[in-house]
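Student: Could you take me slowly through one part of this structure, the nonpolar core and the helix that goes with it?

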Amino acid sequence: MDLTYTEDEEVFRGQLKAWLAKVLPALPPAPDPLDWPGRRAYDTAWQRMLYEAGYAGLHWPADAGGGGATPTQHLIFLEETERAGAPYVGANFVGLLHAGPTIAAEGTAEQRARWLPPVLRGDEVWCQGFSEPGAGSDLASLRTRAVRDGDHYVVSGSKIWTSHAEVADWCELLVRTEPVSDAVPKHRGITWLAMRMDAPGVTVRPLRTLAGSTEFAEMFLDDVRIPVTDRVGAENDGWRVTMVTLSFERGTAFVGEVVACRRTLGELARTARDNGRWDADPALRRRLGRLGAEFAALWRLTQWNVSESQGGGSGADGSGGGFGVPGIGGSVFKLRYSQARQELYEAAGEVLGPDALDLAHPWNQDRLSSLSYTIAAGTSQIQQNIVAERILGLPKER
Ligand SMILES: Cc1cc2nc3c(=O)[nH]c(=O)nc-3n(C[C@H](O)[C@H](O)[C@H](O)COP(=O)(O)OP(=O)(O)OC[C@H]3O[C@@H](n4cnc5c(N)ncnc54)[C@H](O)[C@@H]3O)c2cc1C
């Protein structure tokens, strides 16, 4: 394990910082957080700027159109863009951080050529159609059916909690191609498809969150025809492909946010000093200090994961190799990070005092949305099961 940066990596950091200092002041103001078409336009315009500067998909392999950067360079990229206050991936989240990497790892040459460049350029936005009303943590229970009809699948069913569905062009969709039976356990018979969101038979109905946002939606699929060529992986082998997607989702997708949380923590301490709560409340000081240690440890854990994977990654301990599939170590990170984020915004409520009732304050918006972090991308209980069974080797729950 080596947590230091090489000279070349520092050169890379310097060039990136110089580019950010040049382009960020010229960015238009960020759109209203509840304006999803506006956010899509903003996020994809930023993606196009990254693309033109050679920073798009930095961690994707070069033969998938990415930068072929080392995991450490990618980490530096996340660290510096966040520090400089650059936009985050936003609406490009699924395309850049899990559908894209899954297609890069599992897709055919034609599929990579068709789908990856538009993601990198910010031309096409993806969403994730995995969860269903009866299949969340127990994802393999999904029931959306796909029946083969010549060179198409005909898909019917419904999905729920589909983030960015309203503004997406494509959906990474899990369907059942083989009914569950004595001979077919539920983890078999699942297939990973790419579905056009404007295909006839797709209906999107937005859902409103506690914070008032329509960031996710229900999706109803009524005899949607999807070409067989838009299947990633073999028919009925979708569960294995899904594990690849989920390991990306839990592995690297939240890394940039740790930097943002550390910045927010500094702002909380400064605000507490200014409004007198720092001097008046020793328990709050202790709480902020403990959170500082927690986020420092999370950042070190991230660096450690990157350092391990850069060395080629054994896979056996859950770390992937280079861009390769990140492993179950991502569950440890996701578990602790999502809880620490909630604690951070609870502390923000303490710092704000009566202003914690002002819903327009961004910390209060973030406080409400932080509640979803221990549910989205696999709940904390599910991550604990993974850590217990696959890292600690404890007996299976059933
Ligand atoms: C903000 C947000 C965005 C999301 N975006 C998407 C998206 O874009 N696409 C998508 O497909 N899905 C998305 N989801 C859905 C998310 O993946 C599911 O909510 C999650 O997997 C949990 O499933 P569920 O809601 O059905 O809860 P359930 O699975 O019904 O779980 C209910 C409770 O039971 C617990 N539980 C369940 N099984 C076990 C077990 N075996 N052991 C211990 N405890 C257990 C859970 O931890 C939870 O506390 C999103 C969710 C959120 C909150």
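Tutor: A nonpolar core is a set of buried Ala, Val, Leu, Ile, Met, Phe, Trp, Tyr and Cys residues joined through side-chain atoms within 4.5 Å, where buried means under 20% relative accessible area, with a 1.4 Å probe and protein chains only. The model is predicted, so local features need pLDDT of at least 70 and side-chain atom pairs count only at pLDDT 80 or more, while totals for chains, interfaces and linings use all residues. Residues are numbered from 1 along each chain as its sequence is written, and side-chain values use heavy atoms, leaving out hydrogens and water.

The largest nonpolar core here has 78 residues, and those with the most contacts inside it are Trp-46, Trp-126, Leu-268, Phe-295 and Tyr-337. Its largest share, nine residues, comes from helix 10, helices being DSSP runs (H or I, at least four residues) numbered from the N terminus. Not counting residues up to four places away in sequence, Phe-295 touches Val-258, Cys-261, Arg-262, Tyr-337, Ala-340, Arg-341 and Leu-344, where contact means heavy atoms within 4.5 Å.

Helix 10 (residues 329-352) also packs against helix 11 (residues 362-370), at an angle of about 145 degrees and with the axes 9 Å apart; axes are lines fitted to C-alpha atoms over the stretch in contact, and angles run from 0 to 180 degrees between N-to-C directions. Among the residues that meet there are Arg-341, Tyr-345 and Glu-346 in helix 10, and Trp-363 and Arg-367 in helix 11.

Elsewhere, Glu-82 is found in helix 3 (residues 71-83) and is buried, with a relative accessible area of 10%.

Conventions:
Helices (H or I, at least four residues) and strands (E, at least two) are DSSP runs, numbered from the N terminus. Buried means under 20% relative accessible area, exposed over 50%, partly exposed in between (1.4 Å probe, protein chains only).
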